[in-house]
Amino acid sequence: FALAGGNSMLLSRDLGVGAVDVWKLSASVCPDRQMAKGDGALCKLCPLGRAGKGGLCPVCRPGTYAAEEGLDACTPCPLGTEMPGLGGVACSACPAGSYAGELGTVSCMPCRPGYFNQHSGSQSSTSCVACGPSYFSNSSGSSSCQRCPEGTAHDSYAVSDSLACTECKRCGTVVADLCPVPKDGQCQDCPAGMVKTKEGPSCEYCPPGEIPNGIPQGVTCLAFPRGNFNAVIDPNNRMCWQRPSYDQIQCPLHPNGGWLTTPTDTINQKFLSLSDTENAICSNLHCMGAIIETQEIYLRMNGGNCKVDSGLEALCLWSKDAINSEIAAREAALRQAEEASLLAMRKAKCEEVCNCADLCTEVTLEEDAKEDAFDVLPFSAVSCEVHGSSDALTCHATCKSTQPAKTVNKPWQCMANSQVADIQVQMSTLPRCLASCNTCPEDSVHGSFTLCDSLGSLGGAQGKPWSVAALTMATWFVILVQGMS
């Protein structure tokens, strides 16, 4: 520094933090927000990028700025902006891939690997979003994520290395920590309820009534072993059943071929049982609903982390629709054959009892009654045919005469004849699967489910088991009484 003459002259070559550059100060110091001008005899406002008091206007430090003349202090950069240099006039918005969460930021913070931010001017680290499944970001400050190479994928978030990308044909079939969900040939997740049991591009549904061992997809299908329902041995000491342990739950077969009560055949209807496969599937769906209710009861009784398997209920409902559609199709095929048999037998009988010669005689009499000019020659049958459905058959006699030269169609309703109408064929009727998919079966034919929805001695007088419905009713009664008191 050097001082010269009567006017103080402050010299500085240091432009670092707090530098004042070259100033001339008059004997009378300039006021705040001003600095010496020219030879120091006059003052001027602090210029853009500078601010100060006592006649000094140092340059603004990094992270601050002065956007107007005549300021006594530089302003910190607002959130989402930066100022890396000296003498800032305006702060710059943080570029995509970064953020500034504090005032006066010198340099914006980059998003860490595995995250990205596609917006500029971000004000918080929460603006950095984790790369999703099958994407990765291997550098800081990314504004986008990279897709796994073609034919590979992973199921994790915030992945920072392409090594996590696994061949899709292997996903879900081997112990692959970052790709446990099975994929199809296009690397898309197998739809819920589907599995991939071997390495390859194909996803397939479990057979109706079986369950993927994972949620929502799996790598194998679970089937219930046959036997009395054993998920609730002691209603006071319940287990929280979760996948993949469902294959330890025994499931009984419906004993009446699918009927809750066995109906009696009639003269025109016969009641068939479900096939062994259909009955096995429907029985399994009843057990799926029982599992759902046992999970809900466990939560109400014990709390904790026991989760209700909503995916199982959705799979059960899908399977129920599928098996009922198959049952309806089989019933329709049986009825179509039975209807064809009924039609053939009634048509044959109608052809036997329909006398087209008599019908043409009736035509002759009818035409003769209408004709006065000449004698009507007899009408004779040139064809005799039966048409229509099994419940609306008509015999058609085509009658022809030469005088008058005329052809007349004479119909006769076959069903008016008891020999035709009394012919019956029993139409097949099949039961439908009535599984609720979210409750324990309560009908009499499912006896081994007795303890399924029992709450044991909880709150019951003399230890009498309370059902869920009874406990709910009692709870509402207590609330009602408290509300009245």
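I started with Lys400 and looked for what stands opposite: Thr407 in β24. I'm reading this off a predicted model.

Next I checked another position facing β24. His396 has Pro411 as its bridge partner there.

Then I looked up the strands themselves. β23 covers residues 392–402 and β24 covers residues 405–413, and I count nine bridges between them in the antiparallel sense. Two residues sit between β23 and β24, and the two strands form a hairpin.

I went on to the whole sheet. I find three strands, ordered β22-β23-β24, in an open sheet with antiparallel pairing. β22 (380–389) and β24 are the edge strands, each pairing on one side only. Ignoring direction, neighbouring strands here are turned by 20° against each other on average. What packs on this sheet? I get α2, which touches β22, β23 and β24. The direction of α2 makes about 155° with that of β22.

So much for the strands; on to the helices. I took α1 (residues 276–302) and α2 (residues 310–353): their axes come within 10 Å and cross at roughly 155°. Angles over 145 degrees count as roughly antiparallel, so that is what I call α1 and α2. I noted the crossing of α1 past α2 as left-handed.

Last, I listed who meets whom. On the α1 side I have Glu278, Ile281, Leu285, Met288, Ile291 and Ile292. On the α2 side they meet residues including Leu312, Cys316, Ile323, Ile327 and Arg330. Sorted by class, I get nine nonpolar, one polar and four charged residues in this contact of α1 with α2.

Note on methods:
Residues numbered from 1 in each chain as written. Predicted model: local features only at pLDDT ≥ 70, side-chain atom pairs only at ≥ 80, totals over all residues. Heavy atoms only, no water. Pairing = 2+ DSSP bridges. Helix = DSSP H or I, 4+ residues; strand = E, 2+ residues; numbered from the N terminus. Axes fitted to C-alpha atoms, helices over the stretch in contact; angles between N-to-C directions. Parallel < 35°, antiparallel > 145°, perpendicular 65-115°, else oblique. Left-handed = near helix turned anticlockwise from the far one by under 90°. Contact = heavy atoms within 4.5 Å. Nonpolar A, V, L, I, M, F, W, Y, C, P; charged D, E, K, R; others polar.
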